[in-house]
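Please read the sequence and the coordinates below together with the text that follows them. The text moves from the sheet to a helix pair and then to single residues.

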Amino acid sequence: MALMFLSADDPPEAWRAALLAVIPDLDFRIWPEVGDPAEIDIALVWQPPPGELARYPNLRAILSLGAGIDGLLAQPGLPDVPIARMVDPSLTRTMTEYVLLAALRHHRQFDRFEREQRAVRWSYAFPPQAADRRVGVMGLGMLGAAAAVSLAAHGFPVAGWSREAKQLGIDSFAGCDGLAAFLARTDILVCLLPLTRDTAGILNAGTFAGLPRGAYVINVARGAHLVEADLIAALDSGQLAGATLDVLGEEPLPPENPLWRHPKVLITPHVASYASPRTAAEGVAENIRRARTGQPLLHQVDRERGY
Ligand code: NDP
Ligand code: OXD
């Protein structure tokens, strides 16, 4: 029995050290040097090459190094074994930092001051109050709930939108019926939804039209949530004041994509949050034990639901 580690983005040696500290006899193999595929029973992965997971006949579980598993579910020949998504305090904390930073940057008009500085203009404006800026978070799961609670602690009136209503000490809207009212009271919209057949393309012209004029959009979920042409049209018409995009339909974003040069858009290269081997290893180790003893995984994905 051996674990295969496969990720171009995560540090394999840090993961090996963190997991061996919890399971000292773990046979940890780094892809592509994994030996006999029949010996691999656990795959710890992020963005494996298409079809790769179908090569391991004795897999018991797939443990995702990321929170979003839309890419895994789209894999051709995905083995029919339990999948767990990543839940980790560092992943949650870094996402909260990013969302706060992006919301505060717009709220305190740093996006405007960046433009004014480039134009060499001293452009005083009376600073706004957080209490006057309503933030709405789409998706109140592990990441959305933490970001929403933190934004509320900074004085913003915060609401969230999810499938089921939540008790988080913020206003909660749920389902298709709750969407219009949620959008109508949202000046800064944060997307932290999983990418599913129900949420793909949800950041579209209709959604932007439902926001108050001059609203701001922060997409930290997946690029396919956003209809890029609709965003550009809404920015150019003034319906939206700006956008922060950490995730894009095509990553890396091609140089010719107009979003790179749009004056109201800030692009970051899918860095909003990441799991840390130090803080995530305990949960991954627990899932290795569970997979090997045939128990349900922690944070097991519901394939039908898509998250
Ligand atoms: P969770 O699975 O914990 O939460 C998902 C939330 O979305 C739940 O509140 C769920 O509602 C809600 N939701 C799902 N479908 C719908 C729908 N159709 N309508 C309304 N609400 C819906 O996910 P996480 O918080 O862990 O992660 C969210 C996403 O963030 C990931 O899927 C990934 O795409 C992205 N991400 C991006 C990163 C980055 O660096 N940019 C890093 C990590 C994650 P309910 O609770 O009612 O079921
Ligand atoms: C994730 C991501 O889903 O980094 O964890 O996008």
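What follows is a walk through selected features of this structure, which is a predicted model.

Seven strands make up an open sheet, and their order across it is β8-β7-β6-β9-β10-β11-β12, with parallel pairing. The edge positions are taken by β8 (171-174) and β12; each has a single partner strand, so one side of each has no neighbour in the sheet. From one strand to the next the twist averages 15°. As background, strands of a sheet pair through backbone hydrogen bonds, and the pairing can be parallel or antiparallel.

Strand β10 (residues 215-219) and β11 run parallel and are joined by five bridges. A215 has L240 of β11 as its bridge partner, and N219 stands opposite L245 in β11. How much of strand β11 (residues 240-245) is covered? Five of its six residues are buried, so the strand counts as mostly covered under the cut-off of 20% relative accessible area. In general, side chains of a regular strand alternate between the two faces of the sheet.

The next feature is a helix pair. Helix α1 (residues 12-22) and helix α9 (residues 277-292) have axes that come within 9 Å of each other and cross at roughly 55°. Because of that angle, α1 is oblique to α9. The crossing of the two helices is right-handed. On the α1 side the contact is made by A14, W15, A18, L19 and V22. On the α9 side it is made by P277, R278, A280, A281, E282, V284, A285, I288 and R289. Sorted by class, the contact of α1 with α9 has 11 nonpolar residues, three charged residues and no polar ones.

The chain beyond α9 supplies two residues to look at. L298 is placed in the segment after α9. With a relative accessibility of 27%, L298 counts as partly exposed. Which residues does L298 touch, leaving aside neighbours within four places in sequence? The contacts of L298 are A84, G283, E286, N287 and R290. L298 can also be related to I83: the two are 215 residues apart in sequence, while their C-alpha atoms are 9.5 Å apart in space. H299 also lies in the segment after α9. H299 counts as partly exposed, at 35% relative accessibility.

Backbone geometry comes next. Most residues other than glycine have a negative phi, and most peptide bonds are trans. H299 has a positive phi of about 55° although it is not a glycine. For H270, phi is near 55°, again a positive value in a residue other than glycine. H270 is located in the loop between β12 and α9, and its relative accessibility of 28% makes it partly exposed.

The bond joining W31 and P32 is cis, with omega about 10°; P32 is in the loop between β2 (28-30) and β3 (40-45). The bond from E251 to P252 is cis as well, and its omega is near -5°. P252 has its place in the loop between β11 and β12 (265-267).

R222 lies in the loop between β10 and α8 (228-237). Not counting residues up to four places away in sequence, R222 touches W46, G68, D70, L195, V247 and H270. R222 and E286 are 64 residues apart along the chain, and their C-alpha atoms are separated by 28 Å. E286 is also one of the residues in contact with L298.

E116 is found in helix α4 (residues 110-118). Apart from neighbours within four places in sequence, E116 is in contact with R121 and S123.

Methods
Residues numbered from 1 in each chain as written. Chains lettered and ligands numbered in written order. Predicted model: local features only at pLDDT ≥ 70, side-chain atom pairs only at ≥ 80, totals over all residues. Heavy atoms only, no water. Axes fitted to C-alpha atoms, helices over the stretch in contact; angles between N-to-C directions. Helix = DSSP H or I, 4+ residues; strand = E, 2+ residues; numbered from the N terminus. Parallel < 35°, antiparallel > 145°, perpendicular 65-115°, else oblique. Left-handed = near helix turned anticlockwise from the far one by under 90°. Contact = heavy atoms within 4.5 Å. Nonpolar A, V, L, I, M, F, W, Y, C, P; charged D, E, K, R; others polar. Buried < 20%, exposed > 50% of the residue type's maximum accessible area, 1.4 Å probe, protein only. Pairing = 2+ DSSP bridges.
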